[in-house]
Each structure stands twice: as C-alpha cells, then as structure tokens.
Amino acid sequence: MRFVHARSISFSSFPRFIGRALRVPIAGVTVGGGTFAYANYKFEELRNKTAGVFGDITDGLFDAWSNVQDTLPTSETIGERKERFREWLSTFNKQTENDNDNNNDNDKDIAKSIIASVAVGASLDSNDNNNNNQQPNLLMNLTRKLIEIRSILLSIDQTDNLKLPSIVVIGSQSSGKSSVLEAIVGHEFLPKGNNMVTRRPIELTLIHTPDSNKEYGEFPSLSSYGKLEDFGAIQKILTDLNLSVPSSECVSDKPIDLRIYSPHVPDLTLIDLPGYVQIAGLDQPDNLREQISNLCEKYIKTPNIILAVCAADVDLANSPALRASRRVDPLGLRTVGVITKMDMVTPNEGSAILSNKRYPLHLGYVGVVCKAPKRGIIDRLSDNDPNMTGAIMKREENYFQNNKELFNKPGLLIGTDTLRKKLMEVLENSMSSCLNNITNAVQIEQEEAAYQFKVQYNDRRVSPESYVAEVIDNLKAKLRDFQGEFSKPQVREKLESMLDDRVMNILEQLYWNDVKLNDLGKNNIESDHDNYWAYKLDTARSLLTKSGIGRDSTSLVADGIRNLIEALTDGPPFSHHNNAAERIIELSHDILRDKLSITSDQVENALKPFKFEVDVEDKEWNKGRRHVLSALEGEQKECDAKLSEIRKRVGGYRKLNNIISYLKSLDERKLNQEAEIENDGVNNNEPAWKLAYNPAHLIEARQAMKLSERLAILKLRMSTLRSSKCKFGNGDNTKVETICPEAFLTVVSEKLAYTSSLFLQIELLQSFFDQFPREIDSRLMYDLDRNAINKFARENPTIRSHLDLQERKDKLEDVLKRLESLLHLKEQDKPKARRFSLF
C-alpha cells in the first residue's frame with residue numbers, strides 16, 4: 001500500500017493561483033481591445049480623408065456654381081428673348097406651310113435650345129467685358145492712392161525706409177528714353193540738346209484726371225509757376241533747371257519734381273535719369289561715366305522697377321541699361337525691357353528680340369515705335385487735340401499691322417498702349433506687394449514721432465499763424481512796457497540834460513573865458529560894466545532860445561524811439577527774422593519821418609515867446625540855482641578826479657608842479673623869443689629838442705593847467721551862486737540875473753524843456769504809439785499770405801523743429817490710416833471659401 005503525501009493548503013497562495021488562472025483571459029481581452037482600437041483609428045482616418053475629398057469637391061462645385069450663376073442670364077431675360085423668337089418663328093411658319101407639325105415642333109425645340117445657349121453666351125461675354133473694364137479702373141484707383149501716399153512719404157523722409165516703388169527709366173543717351181516718356185504723356189516736354197541737357201533726376205508723377213479735359217503740369221517745389229498748360233514752357237523750365245548744374249560737374253543728385261495732370265495719362269510714377277555715356281567730352285569731367293553710373297545705381301535699387309530702354313538697332317549685349325539691371329536684378333524679376341526704334345531693323349530681327357529668349361527678363365520686352373511725328377502732321381491729324389498720343393499710336397499700329405504675321409504671335413508685347421498697361425500692372429503689383437512692409441515701417445515711424453512729440457512738446461500743437469500772432473502781440477506788449485520811458489517827466493529830464501550841456505557851452509563861451517569875470521560879482525560895478533554884463537546876458541539867452549531847440553528836441557525824442565524799436569527787434573525772436581526786423585524798423589522810420597517836421601515846427605512856435613522875454617519867479621529861481629550848483633559841483637568832482645589821475649601818471653603833486661613851472665617858463669621864453677624876433681630878427685633861445693622833461697609828461701601838465709584854471713572858475717562861480725547876491729527878493733531881480741547868469745540860463749532851459757515836452761508828448765509820442773501797432777497789423781501781418789506766414793515761422797529754428805515734428809506726426813498718421821484702409825480693401829477683395837455639406 002502506497003502512501004500519498006498531501007501538502008496542506010496555505011491561504012497566501014490563493015491570490016497567486018487566481019492570477020495564474022486569469023492570465024490567459026486577461027491577455028485575450030487586452031489583445032482584442034487593442035485590435036478594436038486600431039481598427040477604429042483606421043476607420044476614423046478613412047472617414048476624415050473621405051470627408052476632406054468630398055469637402056474639396058463640394059467647395060469646387062460651389063465656387064464654380066457661384067461663378068457661373070453670376071454670369072447666367074435671368075429668367076426674365078430668357079423669357080423676353082423666347083417671346084421674340086416665337087414671334088419670328090410664327091412668321092417663319094406661315095412662309096413654310098409644307099412642313100408638317102412634327103417638324104415644326106422639333107424646330108421649336110431646337111430653337112429654344114439655341115436661343116437659351118445664345119442668351120447664356122451673350123450674358124457671359126457681357127460679364128467678361130464688364131470685369132475686364134472694371135479691372136483697370138480698380139487698378140488705377142489703387143495705384144492713384146498709392147501714388148498719393150508715396151508723395152506724402154517723400155515729403156516726410158527721403159530715406160529708403162519710407163519709399164514705395166517707382167519706375168526708374170535708364171538707358172543710353174541715344175536709346176530713345178525721352179521719346180518713350182513723351183509718347184506716354186502725349187507731349188514733348190523733356191529737355192533736348194546736344195551737350196547732355198539731362199543732368200538731374202526728373203521725378204515725373206502722372207495723374208489721370210478723367211473728369212477734366214485740361215492738361216497741365218506743376219512743379220511743387222516752384223509754386224510761383226503755378227499750373228502750366230503750355231508744355232513748351234515746361235520744357236524750358238526743365239532745361240533751365242538742368243543747365244543750372246555747371247558743366248564742370250555735369251551731374252547732380254538733386255531731383256526735379258514734376259507732376260502732370262491729364263485725362264490721357266495713366267497713374268504712374270516715373271524717374272528719368274541721365275543717359276549712360278561711353279566717353280566724356282572735353283568740357284566734361286573725366287569721371288562723368290562713373291558719376292552717371294553711381295546715380296543710376298542709387299535709384300535702381302529695390303523696390304523700384306527698372307525700365308531698361310534699349311534701341312533695336314543696337315545689340316542687347318552692348319546695352320548699358322541691361323548690364324546695370326543685371327547687377328541689381330539678376331533674374332529680371334523687376335525689370336521691364338523696352339525696345340525702341342523697331343522700324344530701324346527688319347521685322348524678323350525685331351520679332352527675335354521681343355521673343356525674350358536671348359536675354360530673358362521675367363517681365364519681358366515691349367517693342368515700340370514712339371518717335372513723335374512732325375508738328376504739322378499732328379495738327380492735321382487732330383486740330384482740336386494737341387495731345388500726340390493718338391498720332392503716335394496710329395503710326396505705330398500701321399507699322400505692326402503691316403508685319404502682323406511676325407508680331408501677332410503669342411507672348412510678343414508691342415505698342416505704346418501695351419507698354420502703358422504693362423507699367424500700370426507692374427507698378428500696382430509692386431506697390432501692392434510692399435503694402436504690408438510699408439505699413440509696418442510707417443507704424444513704427446508714427447509711434448516714434450508721437451513719442452518724441454510727447455516728450456519734447458507735451459503734445460502741445462503750434463501753427464505758423466499762431467506763432468506770427470504771438471510774435472506781433474509780444475512786440476506790442478513790449479512797446480507798451482517801454483512806453484513808460486517816454487512819459488512826460490522822462491522826456492523833460494532828457495531835454496533838460498541836453499539843454500544843460502548847451503548852457504555850459506554858452507557860459508564857457510561868453511563868461512568863463514572872459515578876463516573880466518572876476519569883476520562880475522563885485523558891488524562897485526560901474527554903469528558901463530553893468531551894461532556890458534546885461535548885454536552878455538541877452539546874448540546868452542538868445543543863443544539858448546534861438547539855437548533850434550524845437551528841431552533838436554524832436555530829433556532827440558525821435559532818436560530815442562528809433563533806438564527803442566531797434567532794441568526790440570535786435571533780440572529774440574526777431575534775431576531769427578532779419579527781414580521782418582528790417583521792415584519793422586523801416587515802418588517806424590516812415591512814421592517818424594512824416595511827423596518829424598510837423599512836430600518840430602509846433603515846438604518852435606511854442607518856444608517863440610521865450611526868445612523875447614522870460615519871466616522868472618522866486619520858486620523857479622531857487623530851483624534853478626540849486627540845479628546849477630549841483631551841475632557845477634559835479635563838474636568840479638570830474639575835474640578833481642582827472643587832475644588826480646594826471647598827478648599819478650606824472651609822478652606826484654610836486655613833480656607835476658615842477659613841470660607846470662617849467663612849462664610857464666617855456667611860455668615866457670616863447671613870448672620873449674617872439675618879441676626878439678619881431679624887434680631884432682635874432683633867436684637866442686635853446687632849440688626845442690632840448691627839453692628837461694618827458695614830452696608825454698609835458699602834455700599831461702598842459703592838461704592839468706587847464707583843469708586847474710577850470711577848477712578856479714568853478715569855485716569862483718559857486719561861491720557867487722551861494723552868496724546873497726544870487727537870491728531873489730533882496731533888491732533888483734534883473735541885477736541878480738545879471739550877476740548869476742548860470743542860474744538864469746538854467747531857469748530858461750527848464751522852461752524850454754517843460755514846454756517842449758508838452759508838445760512832443762502830444763504831437764509825436766502819443767501819435768506814434770497809437771499809430772505804430774495799427775500799421776504793423778495793416779502793413780505787415782495782414783499782407784502775409786499762407787506761404788509767407790509759414791516761411792516766417794520756419795525762420796525760427798525752435799519753431800521749425802516743432803512744426804517739422806508735428807507735421808511729420810500728422811502725415812504719418814494720415815498715411816497710416818490710408819494704408820490700413822487699403823489693406824482692409826485688399827483683404828475684402830480676396831475670394832472667401834464657402835463650405836456646405838451635400839448630406
């Protein structure tokens with residue numbers, strides 16, 4: 001009997017056992033789930049691809065249906081045409097009675113089908129024509145707006161950052177550039193000559209004006225010419241502007257801006273450059289070829305379009321225009337070739353050139369025969385229309401029609417009209433492609449300008465008109481402030497100062513040089529001496545009152561006014577406006593000149609009574625005596641100061657006295673010498689060159705002697721004036737006046753100054769300060785037009801910087817709005833995809 005060993009079951013082995021038992025089912029479920037998920041993913045992918053294909057098909061069908069639906073005729077149009085066809089068919093049936101009814105029914109069905117097809121075809125043709133007619137209009141409108149934006153940007157900045165594309169015309173001097181441009185415009189207006197007359201770039205802007213029949217040109221930088229309807233005058237101005245460049249330079253990069261408005265021109269911006277030369281003339285600089293090449297290189301850079309003009313009778317391999325374009329545009333993506341003088345080569349050669357195979361350009365070549373006919377032929381072709389575009393195109397069309405088997409090939413571009421359309425299309429596409437970039441650049445510049453305007457001027461706006469008004473108002477305010485300097489006391493003080501000098505001169509002339517001056521104040525004056533000094537007093541009074549005080553006082557005040565006006569116009573802001581300052585000074589001189597003689601006569605008439613008699617009162621005398629004492633004391637101090645300076649320069653008081661003593665001895669010796677010569681005719685004195693002192697010290701000592709004499713006289717007269725002899729009321733006032741002529745003449749001068757100031761205040765000052773501001777308004781401010789006001793304001797550098805930044809900011813904001821509007825229109829013109837489900 002065999003024993004079987006049975007192992008006891010442990011509870012810990014149950015989980016492991018259950019895991020082993022379920023391992024296979026779990027693996028099966030996992031594999032099944034993965035397979036199902038993968039199958040579901042593939043199914044979804046297939047469904048998405050199928051839905052995408054169906055979506056693309058439905059989108060295509062819907063777009064095609066939308067395009068065809070717009071071109072199909074309406075039911076009303078088809079109904080009308082069917083009614084008309086029924087009427088014609090009934091008439092036709094009456095004429096064909098032998099046909100049976102079935103045939104008639106078949107004919108009607110066929111006719112219905114035919115008329116529906118014809119209606120659909122006619123509607124399609126009509127819509128195609130409308131679309132073709134609308135496309136150039138939309139093209140011209142977009143180009144015109146972009147040209148306006150380009151003009152604004154050029155006025156803001158001449159750098160390449162803010163530039164829209166232009167068409168740059170390059171070619172050799174004999175390639176026919178001028179003929180091409182004149183054929184596009186329809187007038188001969190470009191300068192012509194033998195010695196390189198095109199020396200500056202001509203920025204030509206053509207503006208289409210369909211609502212006007214007038215043709216005219218403008219030079220924006222030369223506003224004085226205005227609108228020029230005579231294209232011969234335009235040609236002369238262009239010639240003069242080009243010939244203003246000296247022959248030693250021959251080429252200048254300063255452009256000439258010309259705008260032509262006409263219903264016959266397309267909207268284009270063209271830049272005509274000097275033609276390439278091979279060899280410089282004797283009177284031309286040696287580096288002329290390099291100058292022209294560098295100038296052309298500057299303009300044919302991106303994004304400008306290159307219009308390379310080549311003559312058909314010159315090998316394209318030798319064309320300097322094509323060589324220059326290849327350097328900056330190797331693939332010819334922005335180069336349009338123009339082959340001129342097509343009638344100068346055989347039709348086979350011309351057709352081969354235009355085939356664009358030998359020197360291919362992406363935009364191709366356009367062949368033209370645009371030589372302008374003679375003037376008489378144009379006049380006979382069109383007596384009423386001076387534009388020669390039609391005559392050129394007719395002649396050109398005759399040439400190409402005569403050789404149509406060679407030129408009517410696919411891909412060949414011929415004719416001036418084709419060239420115009422090509423240039424419009426290329427320019428519009430180029431400008432449109434630059435729209436986003438130029439918008440971003442303008443936005444950056446606008447934000448920078450707005451920031452600078454905020455930081456520098458705190459968004460404070462200024463206008464030329466407000467600046468001019470502010471300048472004139474400040475001038476008037478300053479004039480009112482300084483008017484106080486010409487009040488009655490101020491004018492009287494100036495006149496008294498002038499008359500004091502005159503009194504001193506009279507005293508020195510009649511009294512102080514008189515040897516009898518010491519006897520003037522003595523009590524024991526004899527009657528003859530008394531009459532002597534009375535006569536002197538009348539003479540002094542006459543010299544004072546009859547010395548032309550009216551004229552001199554009027555001139556003194558007028559000079560003060562002139563100095564005031566010059567001072568007002570010498571500083572800012574008139575330091576920036578020299579012409580305005582000169583006109584203001586001239587205006588003040590005119591007013592003063594008109595009033596000077598009248599005022600002078602009035603003052604002289606007012607002073608006539610003082611020429612015969614002067615009544616002096618005690619109060620006036622005392623005031624005059626104090627005034628003259630003050631004047632004499634002031635002069636004494638000046639003499640003492642000068643004498644002290646002389647003593648210092650000479651070497652002291654003692655040395656100066658020694659020199660003065662030496663000079664007195666010399667004077668005595670000179671007198672003795674003159675006496676001896678007069679008596680004996682012999683001179684025994686020492687020669688003049690044997691002097692004991694320095695000649696400069698001798699001159700100083702002479703001056704000191706005169707000052708000492710003057711001081712002695714002043715002290716004498718001041719002692720007399722302070723004495724009781726010069727007091728009124730102590731006796732005969734006439735005798736007092738005679739003894740103290742200084743006080744009397746001072747009283748007379750004060751009366752003269754007072755009376756003169758009254759009439760000067762009324763006749764001159766008040767009239768001038770009332771009239772001058774009004775004359776400034778009427779003769780200066782109101783006569784200024786807008787250009788003159790703008791020029792005046794920009795003469796101030798601070799205001800010019802303010803206006804430039806403000807104008808730049810405003811223009812950039814305007815340009816940015818226009819560009820954003822064009823971008824919005826461009827986005828609207830894009831076709832929008834419409835999706836719909838077939839299920």
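**Exercise 1. Decide whether E182 is buried or exposed, and then find out which residue its side chain pairs with.**

Solution. E182 has a relative accessibility of 3%, and since buried means under 20% relative accessible area, E182 counts as buried in this predicted model. The next step is to look for a partner: the side chain of E182 meets that of K192 in a salt bridge, with 2.4 Å from N to O. The two residues are 10 apart and link distant parts of the chain, for E182 lies in helix 4 (residues 177-185), whereas K192 belongs to the loop between helix 4 and strand 2 (202-208). Finally, K192 has a relative accessible area of 45% and is therefore classed as partly exposed.

**Exercise 2. Work out how D417 and K421 are placed in helix 12, and how accessible each of them is.**

Solution. Begin with the contact itself, a salt bridge between D417 and K421 in which the closest N and O atoms are 3.4 Å apart. Both residues sit in helix 12 (residues 416-433), and because they are 4 residues apart there, about one helical turn separates them. As for accessibility, D417 is partly exposed at 34%, while K421, with a relative accessible area of 52%, is exposed.

**Exercise 3. Explain what separates R649 from E645 in helix 19, and state the class of accessibility for each.**

Solution. R649 and E645 form a salt bridge whose closest N and O atoms are 4.0 Å apart, and the criterion asks for a nitrogen within 4 Å of a carboxyl oxygen. The pair lies in helix 19 (residues 618-650), where a spacing of 4 residues means that about one helical turn separates them. R649, at 46% relative accessibility, counts as partly exposed, and E645, at 45%, likewise counts as partly exposed.

**Exercise 4. State how many salt bridges the count gives, and name the residues linked with D590 in a network.**

Solution. The count comes to 37 salt bridges. In the network of salt bridges, D590 is linked with R593, E775 and R779. As background to this step, side chains of opposite charge can pair when their charged atoms come close.

Conventions. Residues numbered from 1 in each chain as written. Predicted model: local features only at pLDDT ≥ 70, side-chain atom pairs only at ≥ 80, totals over all residues. Heavy atoms only, no water. Buried < 20%, exposed > 50% of the residue type's maximum accessible area, 1.4 Å probe, protein only.
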